[in-house]
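Below is a short report on one protein model. Read it alongside the sequence and the coordinates.

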Amino acid sequence: MFTLCDVVQRFATDLIFVIDRSGTIREANDRFWSELGLSKESAGPAALLGAFVEDERALALRTWNTVIAHRNVQRSVRRMKATKGETKVFSIVESPVTFGNDSTMLLGVARDITEESALEEKLWSAHENRVAALEYAVRASMGLVKGYVFSLQKLENLPRDKREQFSRVIAEEVDTMGRNIENLLLSRGNGEISSESSLFDIAAIVEEAEAFFKGECERRSISLTVQKPQTEVNFFGQPIAVMRVIANVLDFEIMRLTHSGEIQISLSDSDEYIEVRIADNGPAVTQEQLEWLSEQGRSGNEQFIALSAGKADLDVARLIAESLGGGIIAGPCDTGGIAFTIMLPRMPFTLGRTETSSAALTI
């Protein structure tokens with residue numbers, strides 16, 4: 001039969017130690033010694049303090065003084081250097097204890113949270129990268145608009161056709177900048193797409209998106225075609241939200257092709273849902289890249305660099321689609337490029353009613 005002392009000493013997975021105000025180690029369990037590469041015989045007065053990374057030693061000293069002086073429990077997160085030279089993150093709870101006749105002691109229990117800490121940093125990094133990408137897109141659009149306006153002002157003898165072309169580009173960039181700003185707000189949870197739910201033809205929304213991106217596609221030598229259905233594809237919902245989803249996916253495809261290529265849009269209808277398929281003939285993608293495109297976030301892997309442009313727009317489109325009860329799936333297409341399938345579930349509506357409820361989509 002093992003005693004409690006034996007269990008703590010030999011089998012506890014946490015690091016358990018008893019120290020005085022200066023940090024001198026009085027007692028510790030086996031896991032503590034093995035994890036930090038120390039021994040009871042060789043550990044000097046500053047052994048534990050030296051195990052912390054340099055910029056957290058002052059914090060450790062302040063915490064120890066607080067625990068002993070005020071006789072209360074303190075919790076903190078600190079980084080320590082382990083046996084193999086790697087730095088690990090520990091959640092440490094330190095409590096006042098009386099050890100023998102000495103009341104200036106404290107008991108510490110340190111739990112390894114290195115993996116949890118790394119995951120949290122990745123999540124924050126992914127969020128910050130998405131926001132940074134959107135902010136860069138906004139700044140880039142502003143820079144292009146300023147450049148074209150400056151050219152129009154300085155080149156007084158610019159031919160009329162060029163002046164008209166510059167004016168169209170400015171208008172398109174202003175629209176793009178507006179969409180990027182809205183995407184930025186939506187990604188931060190501060191944006192809202194508000195419209196009244198109604199019965200409308202999704203084919204008309206697709207045609208509107210085609211007209212919106214026509215000028216940019218022509219400048220980039222990208223062919224944008226729509227396979228129009230023979231009959232109306234009626235859908236009850238928010239036209240503005242559906243338009244934003246389609247526009248953001250199209251924007252991602254255009255940014256992926258950059259210059260020259262083909263994008264095809266097609267619609268399919270069923271009793272329960274509607275699918276909008278947007279496919280390009282760009283470079284082939286791996287299964288890992290497709291899985292990344294079907295998720296929120298951003299990767300630092302080199303194989304994803306070519307797909308990073310417009311990823312923030314795609315993430316916002318997915319957020320809106322999911323808020324509508326649907327989703328977006330990325331997959332390979334016959335041309336070797338990427339095909340995005342936007343799935344929109346049918347919503348109930350009542351024919352002949354005089355009023356429709358006002359719906360607001362907030363991300």
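## Overall make-up

Of the contacts in the protein chain with a separation of 6 or more, 62% are between residues 24 or more positions apart. The model is a predicted one. The protein chain holds 10 helices and 14 strands. Of its 363 residues, 40% are buried.

## The five-strand sheet

An open sheet of 5 strands runs in the order β8-β10-β11-β13-β12. Its pairing is mixed. Strands β8 (222–227) and β12 (327–332) stand at the edges. Each has a single partner strand, so one side of each is left without a neighbour in the sheet. From one strand to the next, the twist averages 15°.

Inside this order, β10 (residues 261–269) and β11 (residues 273–280) pair in the antiparallel sense, over 7 bridges. Ile-265 stands opposite Ile-278 in β11. In a regular strand, side chains alternate between the two faces of the sheet.

Helix α7 lies across β8, β10, β11 and β13 (338–345). Relative to β8, α7 runs at about 170°.

Helix α7 (residues 202–219) also packs with helix α8 (residues 239–257). The angle is about 35°, and the axes are 10 Å apart. The crossing of α7 and α8 is right-handed. On the α7 side, the contact residues are Ile-205, Val-206, Glu-208, Ala-209, Phe-213, Glu-216 and Cys-217. They meet Pro-239, Val-242, Met-243, Ile-246, Ala-247, Leu-250, Asp-251 and Ile-254 in α8. The residues of this contact divide into 12 nonpolar, no polar and 3 charged.

## Nonpolar cores

Which residues have the most contacts inside the largest nonpolar core? They are Ile-202, Ile-246, Leu-250, Val-276, Ile-278, Phe-340 and Ile-342, in a core of 45 residues. The largest share of this core, 11 residues, comes from α8. A second, separate core has 22 residues, among them Trp-33, Phe-52, Val-67 and Ile-68.

Take Phe-340, and set aside its neighbours within four places in sequence. Its contacts are then Val-249, Phe-252, Glu-253, Val-276, Arg-277, Ile-278, Leu-293, Leu-314, Ile-328, Ile-329 and Ala-330.

## The β1–β2 hairpin

Strands β1 (residues 15–20) and β2 (residues 25–28) run antiparallel and are joined by 3 bridges. Ile-19 has Ile-25 as its bridge partner in β2. The two strands form a hairpin with 4 residues between them. In the turn, Gly-23 has a positive phi of about 100°.

Most residues other than glycine have a negative phi. Arg-71 has a positive value, near 55°. Its place is in the loop between α4 and β3 (74–81). Arg-71 counts as partly exposed because its relative accessibility is 40%.

Ser-260 is not a glycine either, yet its phi is positive, at about 70°. Ser-260 lies in the loop between α8 and β10. Its relative accessibility is 39%, so Ser-260 also counts as partly exposed.

## His-70

Is His-70 buried or exposed? It is exposed, because its relative accessible area is 56% and the cut-off for exposed is over 50%. His-70 lies in helix α4 (residues 57–70). Pro-96 is 26 residues away along the chain, and the C-alpha atoms of His-70 and Pro-96 are separated by 8.8 Å.

How values were computed:
Residues are numbered from 1 along each chain as its sequence is written. This is a predicted model: local features need pLDDT of at least 70, side-chain atom pairs count only at pLDDT 80 or more; totals for chains, interfaces and linings use all residues. Side-chain values use heavy atoms; hydrogens and water are left out. Two strands pair if DSSP finds at least two bridges between them. Axes are lines fitted to C-alpha atoms, for helices over the stretch in contact, and angles run from 0 to 180 degrees between N-to-C directions. A crossing is left-handed if the near helix is turned anticlockwise from the far one by less than a right angle, and right-handed if clockwise. Contact means heavy atoms within 4.5 Å. Ala, Val, Leu, Ile, Met, Phe, Trp, Tyr, Cys and Pro count as nonpolar, Asp, Glu, Lys and Arg as charged, and the others, Gly among them, as polar. A nonpolar core is a set of buried Ala, Val, Leu, Ile, Met, Phe, Trp, Tyr and Cys residues joined through side-chain atoms within 4.5 Å. Buried means under 20% relative accessible area, exposed over 50%, partly exposed in between (1.4 Å probe, protein chains only).
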